[in-house]
Amino acid sequence: MRRRRRTTSLAAVLALGVVVLVCGIWLGGHPETLPGPVRDTLVRDDRALQAEIVDKVLDNYYRPVSRARLERGALDGIVRALRDPYSHYFSPAEARRLQESVAGRFQGVGMSVLRDRRGLRVIRVFPGSPAARGGIRAGDLVLAVDGRSIAGLSAERATALIKGPAGTRVRLTVQRPGSGRRTLTLVRREIRVPLVEAKLERPGGVLVGVVELAAFSDGAHGQVARAVRRLAARGARAWVLDLRGNGGGLLNEAVLVASVFLRDGEVVSVKGRADPERKRNVTGRPLVPSAPLVVLVDRGSASASEIVAGALRARGRARLVGTHTFGKGLVQELFPLSNGGILDLTVAYYELPDGRRIGHGGLRPDVAARDDPRTGADEALARALALVARQVAR
């Protein structure tokens, strides 16, 4: 009797288990039937919920839509929830183009831009590029790419739409201040960014070396150092470092460029939540530790440019000439993802040696100087040359 009762009890337990399992499976596929509090307690797998939403959209949305598009939108949405204009998810294809740009070469139309609420503001056009041949000039505003408005997109996402394989075409809708819109069709090609341009000027009989740096791409400091050595050998007694239109780049390159002009000490501090503070100090021996120095800046000078300009001024090494800089004092780190994409995430902020943050509003120049596009002359450079020549004469 006892054995029969145990057998009956075991069968009942197994039967109950099967019923519970079947009910669980059914409820797992139909969580909407659960009471609200129970559903909130038991249904916590957001991945399952995301898959449920995707399936319902694919099955019921009034127009066809691809699963890849929905999944990409989900990834974008996670980062957009941060409400940080500098944090982005890059697809594998976009990640490849991003890495090419950091390396100083990419396939596109040959211009540097900054984010504008209406699109992209052109701050520099490389000579001989498709953009230059198409008549695009600094100050123009790119409103749409291939008919798609780029208003509200990040600069990284919008430029990813402009870049593409060499030989392919891209349509840009461009507006120049004071004139109407026009649409240009440009043929992309491989662009090698001319990082450094150097020349010797003679204001008031003083030899001044002018070094213009376009971006803090990989190897930028080496090119700056070579230009400085070359101009010093020709007799340069004072210097102008031109960072106008330089939207930034690699932090390490910024520290190394600053090290060309500083003997020792701090260049910048990087402060974040995961890594409370990292001081970045001068590396190596300076090439120009004491000769008079002016840094040229404008609204297009951002991020790494602001670090170098701000550090040289905070350390008493240089004066700034030009206009307010862009004001980007945040640090992004690239996290490679399993699908070949990249998460570009803001992880910290910059603090200059005098304790100031770059932040919104940027750096205010010591001497205001603005170019007049109607003259064709470079008034800001002329102002910088005059200032640094006077310092030599004292």
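With which residue does Arg67 form a salt bridge, and how far apart are the closest N and O atoms? The partner is Asp55, with the closest N and O atoms 3.2 Å apart. The model is a predicted one, and a search of the whole of it finds 17 salt bridges. The points below take up several of these pairs and then turn to helix α8.

**The Arg67 and Asp55 pair**

- Arg67 and Asp55 are joined by a salt bridge, and this pair links distant parts of the chain, with Arg67 in helix α4 (residues 67-80) and Asp55 in helix α3 (residues 46-60), twelve residues apart.
- Arg67 has a relative accessible area of 39% and is therefore partly exposed.
- Asp55 is likewise partly exposed, because its relative accessible area is 33%.

**Salt bridges around Lys279**

- The side chain of Lys279 meets that of Glu266 in a salt bridge, at 3.4 Å from N to O.
- This pair links distant parts of the chain: Glu266 lies in strand β13 (residues 266-272) and Lys279 in strand β14 (residues 278-281), 13 residues apart.
- Glu266 counts as buried because its relative accessible area of 18% falls under the 20% cut-off.
- Lys279, at 48% relative accessibility, is partly exposed.
- A salt bridge also connects the side chains of Lys279 and Glu277, with an N to O distance of 3.2 Å.
- Through shared partners, salt bridges join Glu266, Lys271, Glu277, Lys279 and Glu351 into one network.
- Within this network, Glu277 is partly exposed at 39% relative accessibility.

**Helix α8 and its packing**

- Helix α8 comprises 14 residues (220-233) and reaches 20 Å from its first C-alpha to its last, close to the 20 Å expected at 1.5 Å a residue.
- The buried residues of α8 are Ala220, Gly222, Val224, Ala225, Ala227, Val228 and Leu231.
- An α-helix has 3.6 residues a turn, so residues three or four places apart point the same way.
- The buried residues of α8 pack against β10 (196-201), β11 (208-213), β12 (238-242) and α9 (251-259).
- After α8 comes Gly235, which has a positive phi near 105°.

**Ala220 in helix α8**

- Ala220 belongs to helix α8 and counts as buried because its relative accessibility is 0%.
- Apart from neighbours within four places in sequence, Ala220 contacts Leu195, Val196, Leu213, Ala215 and Glu253.
- Glu253 is 33 residues from Ala220 along the chain, yet the two C-alpha atoms are separated by 6.4 Å.

Notes:
Residues numbered from 1 in each chain as written. Predicted model: local features only at pLDDT ≥ 70, side-chain atom pairs only at ≥ 80, totals over all residues. Heavy atoms only, no water. Helix = DSSP H or I, 4+ residues; strand = E, 2+ residues; numbered from the N terminus. Expected span 1.5 Å × (residues − 1). Buried < 20%, exposed > 50% of the residue type's maximum accessible area, 1.4 Å probe, protein only. Contact = heavy atoms within 4.5 Å. Salt bridge = Lys/Arg side-chain N within 4 Å of Asp/Glu carboxyl O.
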